[in-house]
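Q: Here is a model to go through term by term. Please set each value against its definition.

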Amino acid sequence: MTQSPDASLASPLPLDGIKVLDLSAYIAGPYGCALLGDMGAEVIKIEPPEGDNLRKYPSTLPTESRAFLGINRNKRGLCLNLKDDAGYDVLVRLVREADVLVHNFRPGVPERLRIDFATLSAINPRLVYCAMTGYGMAGPMAGHAGYDQVLQSMTGMCASQAKADGPPEILYGSVVDYYGAALISNSVAAALYQREKTGRGQAIEVSLLGSALAMQSARLVWAEGEPRKLERDMRSGGITGIHPTQEGHLYISANTPHFWRSLCGHLGLEALAEHPDYDTVKKRAAQADVLIPLVREALARKPATEWAEIFGQSVPCAVVNRVEDMFDHPQVQAMGFMQPLHNAQAGDYLGLAQWAHFAPYGKVRDTAAPARQGAPSLGEHSRAILADLGYAPIEIDALMIRDAVR
């Protein structure tokens, strides 16, 4: 693994100086906080004594869940028992100096734990408070537990993913959770911007239901007079899609006239390029049974990697890779997306460390990326965080002994 660039050379990130308290678990809430950490916020992951349940998810890593590592980068870890008054008092101290708090408890739970918006905003009126729920705070399903694939199934995503005349299919990869995380990050950033103008924080509600619907806004259009049930997908069909080659598979997108002509030229199918039966995406989709065999016969002459090299910038395409191929992909390396990280249990590992570049006015891009840290162990930074809050060593020991903090 290569070494991280010198952090001292990097410019401050947009959320430097912002403190985030992450009381959430699983994926959407914690990853939303990780995205805030990626933008420079100081994130403290606050876990109950039993830890985030994501730590216990199946993994081929022997000591820590791979999912937990990937979701919780750039955080310090504090293990806190909020049901103990002394543990709750620690949270209150943190809230007094925090900018953001994120949780994903079901409605009613925050009130029982005394971490609802009314209570905490009275302690810190500048607090931006973000609640991620399954279905929202109102309605008949408000109290239901929501999970990624539950919402996929509910909102039509699994039905849309199904092949013709096939059963519904799950979209693997926790796509609703990850999109929900992006909405958390976006909403919190917007609320922080508004706080700069008003001086006050606010409550934000983000839900997996809303996230799943937002992902499908192009499908969720019902024009007046249309039947309720009709094809709402945006699949262009025809040539666009994954095709076998001599070795491996290649995804091709040739929807524009320019790319269609380029594809035909590279494949030796020049006669198709200007043929009036195939000169629009809609026509090519209708003639897929004619065109696809011709395209695949041509693609069978070379491996996918060679075709990708030949097509270059003239035809949008991608070799169908496995996810592990991204660790050393030249484009990924050139952008600095992956960096070496460390976790006390898992040791050194390579992981996603940045997904955007922020450069100050007058610069194109910094030459160095900010230092990144791996996911914390359970309670890894508890003592240090308490010391930052002004607790004396003897007080910290007392909190540890009574299991208010670990």
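Q: What makes the second largest pocket a pocket, and what is its volume?
A: On a 1 Å grid over the protein atoms alone, a pocket is an open set of points with protein on both sides within 12 Å along at least five of seven lines. The volume, which is the space filled by probe spheres (1.4 Å) set on the points, is about 620 Å³ here. This is a predicted model, in which local features need pLDDT of at least 70 and side-chain atom pairs count only at pLDDT 80 or more, while totals for chains, interfaces and linings use all residues. Residues are numbered from 1 along each chain as its sequence is written, and side-chain values use heavy atoms, without hydrogens and water.

Q: Which residues line the second largest pocket?
A: Lining residues have an atom within 4 Å of a point; there are 19, and G156, S160, R219, L230 and R232 lie nearest the centre.

Q: What makes the link between S314 and H266 a polar contact?
A: The term needs a pair of N or O atoms within 3.5 Å, one able to donate a hydrogen and the other to accept it. The side chains of S314 and H266 are joined at 2.8 Å, so the pair qualifies.

Q: Why are β3 (75–79) and β6 (203–207) called edge strands?
A: Two strands pair if DSSP finds at least two bridges between them. Six strands form an open sheet in the order β3-β2-β1-β4-β5-β6, with parallel pairing, and β3 and β6 each pair on one side only.

Q: How do you know that β4 and β5 pair?
A: Four bridges join β4 (residues 100–103) to β5 (residues 128–133), and at least two are required, so they pair.
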